[in-house]
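Q: I have a model open on my screen and I'd like to learn how to read it. Could you walk me through it, feature by feature?

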Amino acid sequence: MAHTDPIADMLTRIRNALKAGHPTVTVPASRLKIEIARIMREEGYIQDYKVIARDGNKRELLIELKYGPHRERVINGLRRISKPGLRIYAGKDEIPILLGGLGTVIVSTSRGVMTGKEARKLGIGGEVLCFIW
């Protein structure tokens, strides 16, 4: 089944799995989704991720979700910002700071996918993909 917004689909699958208390979630893999998962792991929102090869040239991304000591969610919110119908770009000085620096902004730049903090440090702007808090 073709999706018009695969990143929003990935974020929705993670959000739904967290609400249901699942330990893992699978998502069809792409380079962009793998980079988003890498940032989520580096920022401490998920335990780990693995790329699993399926029949043919299809790949899946297996994301191990992270919970607190009393099974509370580590991720309180995921929000897609730039959508296929309305792309949102931000210059180096316009990259938003989420919740006073407590949340993470994921930005797609000319130097790859990175957090908003890294993009500001490098002095580059790009497409604001999503917010995680």
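This is a predicted model: local features need pLDDT of at least 70, side-chain atom pairs count only at pLDDT 80 or more; totals for chains, interfaces and linings use all residues.

Q: Which residues have a positive phi although they are not glycine?

A: Arg 71 is one of them, with a phi of about 60 degrees. Leu 99 is another, at about 50 degrees. Look for Arg 71 in the loop between strand 3 and strand 4 (78-80), and for Leu 99 in the loop between strand 5 (89-90) and strand 6 (104-109).

Q: Why does Arg 71 count as exposed?

A: Go by relative accessibility: exposed means over 50%. Arg 71 has 52%, so it counts as exposed.

Q: And how do I read Thr 12, and where is it?

A: Thr 12 is in helix 1. Anything between the buried limit of 20% and the exposed limit of 50% is called partly exposed. Thr 12 has 31% relative accessibility, so partly exposed is the label here.

Q: What should I look for in a nonpolar core?

A: The general idea is that in soluble globular proteins, nonpolar side chains tend to be buried together. Here the largest nonpolar core has 27 residues, and Ile 14, Met 40, Ile 63, Leu 65 and Ile 75 touch the most other members. Elements that each supply at least two residues of this core include helix 1 (6-20), strand 1 (24-28), helix 2 (31-42), strand 2 (46-53), strand 3 (59-65) and strand 8 (126-132). Helix 1 gives the most, with six residues. There is also a second, separate core of 11 residues, with Met 114, Ile 124, Val 128 and Phe 131 among them.

Q: What is Leu 65 in contact with, leaving aside neighbours within four places in sequence?

A: Select Leu 65 and show what surrounds it. You'll find contacts with Ile 14, Ala 17, Leu 18, His 22, Pro 23, Val 25, Ile 46 and Gln 47.

Q: Is Phe 131 buried or exposed, and what does it touch?

A: Phe 131, in strand 8, has a relative accessible area of 12%, so it is buried. Beyond its neighbours within four places in sequence, Phe 131 is in contact with Gly 77, Leu 78, Arg 79, Ile 81, Pro 96, Leu 98, Thr 104 and Val 105. Take Leu 78: it is 53 residues from Phe 131 along the chain, yet their C-alpha atoms are separated by 5.8 Å.

Q: What does a loop residue such as Ala 29 touch?

A: Ala 29 lies in the loop between strand 1 and helix 2. Not counting residues up to four places away in sequence, Ala 29 touches Ile 34, Arg 59, Glu 60 and Leu 61.

Q: How do I describe the largest pocket: what is its volume, and which residues line it?

A: Start with volume, then the lining. The largest pocket has a volume of about 200 Å³. It is lined by 16 residues, and Gly 101, Gly 103, Thr 104, Lys 117 and Arg 120 lie nearest its centre. Strand 6 and helix 3 (116-122) each supply at least two lining residues, and helix 3 gives the most, with five. By class, the lining has six nonpolar, five polar and five charged residues.

Notes. Residues are numbered from 1 along each chain as its sequence is written. Side-chain values use heavy atoms; hydrogens and water are left out. A nonpolar core is a set of buried Ala, Val, Leu, Ile, Met, Phe, Trp, Tyr and Cys residues joined through side-chain atoms within 4.5 Å. Buried means under 20% relative accessible area, exposed over 50%, partly exposed in between (1.4 Å probe, protein chains only). Helices (H or I, at least four residues) and strands (E, at least two) are DSSP runs, numbered from the N terminus. Contact means heavy atoms within 4.5 Å. On a 1 Å grid over the protein atoms alone, a cavity is a set of points where a 1.4 Å probe fits but cannot get out, and a pocket is an open set with protein on both sides within 12 Å along at least five of seven lines; lining residues have an atom within 4 Å of a point. Grid points are joined across faces, edges and corners, and a volume is the space filled by probe spheres set on the points. Ala, Val, Leu, Ile, Met, Phe, Trp, Tyr, Cys and Pro count as nonpolar, Asp, Glu, Lys and Arg as charged, and the others, Gly among them, as polar.
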